[in-house]
Amino acid sequence: MHALSIPTWIIHVSSVIEWIAAIWLIWTYGEVSGNRTWYALSFAMLPALVSAMCACTWHYFDNPPSLEWLVTLQAAMTVLGNCTLCAAAWWIWRNAHSANPAQLSQDKAKES
């Protein structure tokens, strides 16, 4: 645990806690709004959470060479998380426009 300072640990841990809270709040919004596409965003956030937990674990054990695979896993989860978040955002956007065809027509008119 000596690899990071106390303020840096506070940032790392609070970021993980904030991400968990965001996942829960987005899931709750999906329930309250009745729009199931928001559930996809909650699931899409999980790889980024795994990435953050890999970083915390790596630093907790003072960055040992035996756990270098965590760095690779963190990078992979970051890439996967970015892709899943992009897909979930697109799905929410698409669902909003399919629910309101007039808005889709207005958006297409603006692009022209």
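This is a predicted model: local features need pLDDT of at least 70, side-chain atom pairs count only at pLDDT 80 or more; totals for chains, interfaces and linings use all residues.
Helices (H or I, at least four residues) and strands (E, at least two) are taken here as DSSP runs and are numbered from the N terminus. With that in hand, the chain reads α-α-α-α-α from the N terminus on, that is, five helices and zero strands. The radius of gyration (taken over C-alpha atoms) is 19 Å, well over the 13 Å that the globule rule gives for 112 residues, so the chain is more spread out than a compact globule. For reference, the globule rule is 2.2 Å times the number of residues to the power 0.38. Along its principal axes, the C-alpha trace spans about 55 × 30 × 20 Å.

Residues are numbered from 1 along each chain as its sequence is written, and side-chain values use heavy atoms, with hydrogens and water left out.

Helix 1 covers residues 6–33, 28 residues in total, and reaches 40 Å from its first C-alpha to its last. That is close to the 40 Å expected at 1.5 Å a residue, the expected span being 1.5 Å times one less than the number of residues. Its buried residues (buried means under 20% relative accessible area, exposed over 50%, partly exposed in between, with a 1.4 Å probe and protein chains only) are Trp-9, Val-16, Ile-23, Ile-26 and Gly-30. These buried residues pack against helix 2 (37–44) and helix 3 (46–60), where contact means heavy atoms within 4.5 Å. Just after helix 1, Gly-34 takes a positive phi of about 75°.

Helix 3 holds His-59, a buried residue with a relative accessible area of 16%. The C-alpha atoms of His-59 and Trp-9 are separated by 9.1 Å, although the two residues are 50 apart along the chain.

Helix 4 (residues 69–99) has 31 residues and reaches 44 Å from first to last C-alpha, close to the 45 Å expected at 1.5 Å a residue. Buried in helix 4 are Leu-70, Met-77, Gly-81, Ala-88, Ile-92 and His-97.

Turning to the chain as a whole, 28% of the 112 residues count as buried. Among contacts between residues at least 6 apart in sequence, 59% join residues at least 24 apart.
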